[in-house]
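Me: I'd like to go through this one with you, a question at a time. Ready when you are.

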Number of protein chains: 2
Amino acid sequence: MNNYVHDIPTKICFGKGSISYLKQSLQQFGNRVLMTYGGGSVKKSGLYDEILKILNDEFEIFELSGIEPNPRISSVIKGVEICKENDIDVILAVGGGSTIDCSKAIACGVYYEGDDLWDMITHYEKDRKALPLIDILTLSATGSEYDNSAVISNPDTNEKIGAVLTFPSVSICDPTYTFSVSKYQTASGSIDIMSHIMEGYFSVTDDSDLYDGIAETVLKSVIKNMPIALEQPDNYSARANLMADASIACSGIPEYGKEVGSWPCHAMEHELSAYYDITHGVGLAILTPRWMRHIVEKDPSCKWRFVRFARNVWGLEGNDEDELVKAGIDALEDFFRKSGVPMSLSELNIDETNFKAMAAHANRNGKLERGFVPIREEDIEAIYTACL
Amino acid sequence: MNNYVHDIPTKICFGKGSISYLKQSLQQFGNRVLMTYGGGSVKKSGLYDEILKILNDEFEIFELSGIEPNPRISSVIKGVEICKENDIDVILAVGGGSTIDCSKAIACGVYYEGDDLWDMITHYEKDRKALPLIDILTLSATGSEYDNSAVISNPDTNEKIGAVLTFPSVSICDPTYTFSVSKYQTASGSIDIMSHIMEGYFSVTDDSDLYDGIAETVLKSVIKNMPIALEQPDNYSARANLMADASIACSGIPEYGKEVGSWPCHAMEHELSAYYDITHGVGLAILTPRWMRHIVEKDPSCKWRFVRFARNVWGLEGNDEDELVKAGIDALEDFFRKSGVPMSLSELNIDETNFKAMAAHANRNGKLERGFVPIREEDIEAIYTACL
């Protein structure tokens, strides 16, 4: 069992009606608020009006709207300008991972001293100074509400980078806000949750019992609850479990005690969505089973982990290890397919044109040559090709 | 799934050598340190000398030693005096739950404005002001390193009270410090961990999938790792898993989303150790299977939960629910017995003399009449009697 440091200061107010914590949460930091959100869904759902009603005259509210599903550095730049011009005390992000990620970058960007905010995204710095950030979550997916990282895109350079920035101070997680999430977004969000677990679950470490058990618990919870949420969008239990699953999945906790992986599927997917602006969870659904089959063939010594995956996550039985490995991966692919997301790149009109460049960039600094089963550019190209 | 608030600010530095975080952790608060510890074990193990060597001339160190296994209000009073007289900046607790609990009470006691510190223990107050507290954990049991509560005893009144006080700022959790823990203490600490889970696991809520799964994971981890640690005291994996299990078990996390229980076994055990000063985990081992059998008989509608316990925790199979219920409870009792702890009150020379008074006090304010299966004084007396 490896060493780890657990240090997550975020307070989570979870459950129906937890917006009752909003006012006191903001008040501790001041009354000049930048409210950030994406498209019109927060207005359509009535949440926007509900927030304004709660905050009424006690707060001065500024707004940044239109944050993209893969949030861009241009939105970060806009948000930083608003904060600086208006002496903002606290940021209130209303939305899913994209809005929260963009808001984290804005929160840190206010104190960033360099000339180019894209440099802040591409360079790690410990304990960045940041404006306080409070979020109201409306999508169960990225776990940005309970971690300190953010994924920001730069269309000029075809880059999509995960940066370590700042934790939210308070995350308000009301599952009823996800009742209106479409089937497509529910599925791709759930697949993202599962991917966050699987990236760390497939590890060379075999003795982190508590955290492997937590990882398997999250996977089993999504496997149970996603189909219910797809069938019954307003099933509170299902939506609540998915929301709780999302927060813990990307918190780092399921990886504690284990050799930290290279998160290969995320690295490969970030290239797909940087080049083609596809939905993150869909890219992960397409890539993950192909990545699994590729590494099992490349290095059969990793099979023990897939046997455990088949047994403990999918409840599969039998003693033939090769069959269990295959059945576990097939079960995962089948589960993704049944959720209704596209399961090949061809369906998204993506061909092999950029595979070489994407593979090189996914493996920049040789980062995918570390981890559970190291892969190189030729492996990545082969995995992309298997996804066609 | 019920609402909850997750708000645990404690940083955990986990693993071999994590004492390397000690100096920087203390420095953020100042250089006048009250070091608290229990009997001589921290000196015998060399940890005391190791700490002094690390802190050498940069810190001024005051000491409170001799903190009891069931820490007493008299030790709290002594500690508060030392802090006030010497303008202490930060408390460093070195030991297990008793030392950390006592130190939490000292940390809050410094700012307590009443005349009698026992009143602070018996009366709840939100967000108490407290001195910063850092701990170095030497026993996997109470989880005091990752919660804000403390159990303090008052021999004058035969009371043992759990109070909500303050979180540690940093907990240094190095499993190697538990290599020297005796079989008896390893067993009773592990039983305490399991009890913290079971008190919340037996709940009327049936849809908190993530947190029920975490609860079952912790139980399975203890069931796997305690016997290894008893056989091989220096097995790092086993000691590490038990240490991680302990912190999460009492954090409240395994109960999130669930109807909060009344923790009946802890309430009944606190009476036992208040009257007879027995080891907490041993009292829990004796009480828990008897409590289970009593409530299953009293209210058979609770059986569904014991069926789940038998299947998911003990891996038992079969379709006869009554048999599963019995087999699950038997498996637990057998597991406790095999750990070598006494499994009856008679073995501890305890008879029925005080059962009536203890039952009344355990159920003060009718607290055990809420929860999974409500019990009254006559039930508690019957459970104590079954433990003879």
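Me: How far apart do the C-alpha centres of domain 1 and domain 2 of chain A lie?
Reply: This is a predicted model, where local features need pLDDT of at least 70 and side-chain atom pairs count only at pLDDT 80 or more, while totals for chains, interfaces and linings use all residues. Residues are numbered from 1 along each chain as its sequence is written, with chains lettered from A and ligands numbered from 1 in the order in which they are written. Chain A is assigned domain 1 (11–177) and domain 2 (183–386), with bounds that come from an automatic or database domain assignment. Their C-alpha centres are separated by 27 Å.

Me: And how many residues does each domain of chain A put into the contact?
Reply: Two residues are in contact if their C-beta atoms, placed from the backbone, lie within 7 Å. On that basis, domain 1 of chain A gives 17 residues and domain 2 of chain A gives 23 residues.

Me: Which elements give two or more residues to the domain 1 side in chain A?
Reply: Elements here are DSSP runs numbered from the N terminus: helices (H or I, at least four residues) and strands (E, at least two). On the side of domain 1 of chain A that touches domain 2, the ones that qualify are β2 and β8 (159–164) of chain A.

Me: Which strand of chain B pairs with β1(A)?
Reply: Strands count as paired if DSSP finds at least two bridges between them. β1(A) has 3 bridges to its partner, in the antiparallel sense. Y4(A) sits opposite F14(B), and V5(A) has C13(B) as its bridge partner. The strand is β2 (residues 11–14) of chain B.

Me: Which strands are the edges of the sheet they belong to?
Reply: The sheet is open, with 7 strands in mixed pairing, ordered β1(A)-β2(B)-β9(B)-β6(B)-β5(B)-β3(B)-β4(B). An edge strand pairs on one side only, and that picks out β1 of chain A and β4 (60–64) of chain B.

Me: What's the average twist from one strand to the next?
Reply: Axes are lines fitted to C-alpha atoms (for helices, over the stretch in contact), and angles run from 0 to 180 degrees between N-to-C directions. From one strand to the next, the twist averages 15 degrees.
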